Amino acid sequence: MNRYVLILAALALLPACGQSTDPDSTAERGPASTTVLHRGNASEPQSLDVHKGDGVPSSNIQRDLYEGLIAHAADGSLEPGAAGSWEISADGLHYVFHLREDGRWSNGDPVTAADFVFALRRGVDPATLSNYSGILIPIANASAITAGRLSPERLGVEALDERTLHITLENPAAYFLELLTHPMTFPLHRPSAQQWPGAFARPGRLISNGPYMLDEWAVQSHVKLVRNPHYRDADRLHIETVFYYAIENPASELKRYRAGDLDWTDAVPHNQIRWIRENLADDFKVAPYLGIYYFGFNLERPPFKGQPALRRAMAMAVDRLILTEYVTGGGEQPAYSFTPPMASYPAAAPEWGSWSREQQLAEARRLYAESGYGPERPLEVELRYNTSDNHRQMALAIAAMWKQNLGVKANIVNQEFKVFLDARTRKADTEAFRGGWIGDFQDPVNFLDILQSANGQNDTGYADPDYDALLERAAAQTDPRRRMDLLREAEALMLEQQPVMPIYFYVSRRLVKPWVKGWQNNLLDVHATRHFYIVDTDDHID
Amino acid sequence: MLKFALKRFLGAWPTLLIMIAIAFFMIRVAPGGPFDSERKLPPEIEARMLQAYHLDEPLYQQFGRYLAGLLKGDFGPSFQYKEYSVSELVMAGFPVSLRLGGLAMLLALVVGVSAGTIAALRQNTRTDYAVMAVSMTGISIPNFVMAPLLILFFAVFLGWLPAGGLGDGSAANLVLPVISLALPQIAYISRLTRGSMIEVLHSNFIRTARAKGLPERLVILRHAIKPALLPVVSYLGPATAAIITGSVVIEQIFGVPGLGRFFVQGALNRDYTLVLGVVIFYGVLIIVFNFFVDMIYALLDPRVKY
């Protein structure tokens, strides 16, 4: 009967489709064009203004539009961008950048040091209302300017001449060059930015210095970029046009990918990973991603207030191998530390992370009992997350592990994202809550800073003067090795208190059509379109 | 008549004001604000941001400011899409929704009325059962289930049509959203038409028409179809409302940048002004429609007093 109905439904629809379908526009089974790239890009960018974007979707587009002083190679390593060369003073406080002679804006104007000065000042100016100003803090006077105590002209950047830029730092920052790949440090074309203050990042107005320029922006649909003919390397760009589509739902994105509308997805739905591994294995790109998925404990309220042993018991009772194998299943790495492993900073996992499961459980039970709980007096706790299938599965699994291993009664509660964030920030009724953090650049402070007592991001209420002091000492430290040691010490101290329960380190997961070439995995998951090309071969059909 | 029109016109304003007030205060009740995100703003910037958008003022003052803006035709800036004003977004989304909804309505009417008529003429035959079975399915399967099935079948398996988005605005991109949107209406209209057509076919004047020897084709087209369509015509109002609300879901599923998608994303992002803009826009649209319908009724039906 069901089949009969379906066939009828299909038949009823056939004539309507036949009439409206243009035979040329049907889904291709090979690349439709070797010069056009269609990228899925999660949510709609809030803005393409380099100082007003919020998060990955806008950065992806901005990295195609603009070129910062330093750029990312395809493998994520650093390479010269708008600056052809630079010198760093011995004390690590002074950076002098020599801009390329052939740097041009998309209208043909030369890219000058003054463009960078203008943009960086605008980035820290509180009047700009930038949500990312904080990232520029390493530059001299930046935090005082953002707080409104100094004028933006006092920022430690100056144009020595048309093509030479001098940046002074507040403290030496080993990650400063990498920071210069962030859109917040990109230059701005002064005449257009001044002509339309606060509204220049629109088609017809936006002038950019990167490989591509803005051609079209249909809000909630797509952003279309075309090749910038004035870009210094324009002749070597293979992709002429790139589309970024706003598709929040990974399941919809997958369908559009399979239908051939997209060459590239931003993510893949959790529950289809198995299917993807079986059917689209060659297209599936999985790589470590600089991010941590964790649950936080509210240290300002019972039951976790003043209970480090209980928090450690809870963290030990969770089997991360099972969670990453069966709940996420996308190649995520189990996490025992808060900072993901990086080249300069191997993960600072506590010792129990390497124990056998039996040892972990025995210790968890001991700590649980020590905290005054047991079969007669089980801990009742609320586990809160923002509504999403993935988070729900994770919360259910963790609650089950707590129940099974310790006898904890956990109630899982879900809330719409903004309601959840509001509750987390207020700290008035959360107990344990989901959290996630993605690094902007490869340095542990990116992660450790958010647990500093005064950090607005610190939703756990963790406040340890020793931890804060170690971070401060690390910030003032010029020797990179010493600095890393201090940071590791800080992290170990913090993990001892377990204000957060790390679960796994993220991986980036996406599908890329086999004809798109030039892909290389990298930790920051940055993939500028200029590194890609499309081949039109016959062997792509499987 | 003029007096009636004027009365109606004046009566529309309080309705509009109440609607704006309810929408304005309702969305503020939702916890969280437009500038909350996983990455928090530095407190100084947040304070300035609230100030710049007047969100630091008492609510009644914000409401007054908003109304004053509306009188000048200013829907305010979007809190989420910082480069755009709400008017720009609404004006960008409306043509898309109009095209989608208009085509869906047209499709629903043409297919629904034809299918219903055919079913009525072949009452209790296989054709009739088939049409009614399909329409029953159409009514009972909600469009958020139907749409992904259609995408899977026609876009993913057959590869005939795009799976979503607006592309370059070509017709192919509209086919699936229009069908998904029209399907429940086709089902409803065909059942409505069938029922009323069967009733009309049994009435005396049809028997007379047949008795005087008119060919069946003329009996149907000249005599039966008009009275049979009356219930369909009165269903147009609810159908329009259903298509507007249906488009909220369909636009989201297909990623079509219409008003419905702006509305949903606006609500999730706490983009207060954008949500209000869409609500007011649709509210005004419906009030205007109702006004015209009242006028037309008054003209057509002498029993309506004014």
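How many bridges join β1(A) to strand β10 of chain A, and in which direction do the two strands run? Five bridges join β1(A) to β10 (residues 241–245), and the two strands run parallel. The model is a predicted one, in which local features need pLDDT of at least 70 and side-chain atom pairs count only at pLDDT 80 or more, while totals for chains, interfaces and linings use all residues. Residues are numbered from 1 along each chain as its sequence is written, and chains are lettered from A and ligands numbered from 1 in the order in which they are written.

**Sheet with mixed pairing, chain A**

- β1, β10, β9 and β8 of chain A form, in that order, an open sheet of four strands with mixed pairing, where two strands pair if DSSP finds at least two bridges between them, and where strands (E, at least two residues) and helices (H or I, at least four residues) are DSSP runs numbered from the N terminus.
- β1 (36–40) and β8 (212–218) of chain A stand at the edges with a single partner strand each, so one side of each has no neighbour in the sheet.
- The twist from one strand to the next averages 20°, with axes taken as lines fitted to C-alpha atoms, for helices over the stretch in contact, and angles running from 0 to 180 degrees between N-to-C directions.
- Helix α2 (residues 56–65) of chain A lies across β8, β9 (222–227) and β10 of chain A, and runs at about 140° to β8(A).

**Antiparallel sheet, chain A**

- Another open sheet has four strands in the order β4-β5-β7-β6 (chain A), and its pairing is antiparallel.
- Its edge strands, β4 (83–88) and β6 (157–161) of chain A, each pair on one side only, and neighbouring strands are turned by 25° against each other on average, direction ignored.
- β4(A) is joined by five bridges to the antiparallel strand β5 (residues 94–99) of chain A, and in β5(A) the bridge partner of A:Glu87 is A:Val96.
- Helix α3 (residues 113–124) of chain A packs on this sheet, touching β5, β6 and β7 (164–168) of chain A, with its direction at about 170° to that of β6(A); contact here requires C-beta atoms, placed from the backbone, to lie within 7 Å.

**Nonpolar cores**

- The largest nonpolar core has 87 residues, and those with the most contacts inside it are A:Leu65, A:Leu120, A:Ile139, A:Val157 and B:Val278; such a core is a set of buried Ala, Val, Leu, Ile, Met, Phe, Trp, Tyr and Cys residues joined through C-beta atoms within 7 Å.
- Helix α11 (residues 272–300) of chain B supplies the largest share of this core, eight residues.
- Beyond its neighbours within four places in sequence, A:Val157 is in contact with residues including A:Phe116, A:Leu120 and A:Ile139.

**B:Ile250**

- B:Ile250 is found in helix α9 (residues 216–254) of chain B, and it counts as buried because it has 29 C-beta neighbours inside 10 Å, the cut-off for buried being 20 or more other C-beta atoms within 10 Å.
- Leaving aside neighbours within four places in sequence, the contacts of B:Ile250 include B:Asn143, B:Pro177 and B:Leu181.

**Contact between chains A and B**

- The contact takes 53 residues from chain A and 51 residues from chain B.
- α1(A) gives the most to the side of chain A that touches chain B, with nine residues.

Terms used:
Contact = placed C-beta atoms within 7 Å. Buried ≥ 20, exposed ≤ 12 C-beta atoms within 10 Å, placed from the backbone.
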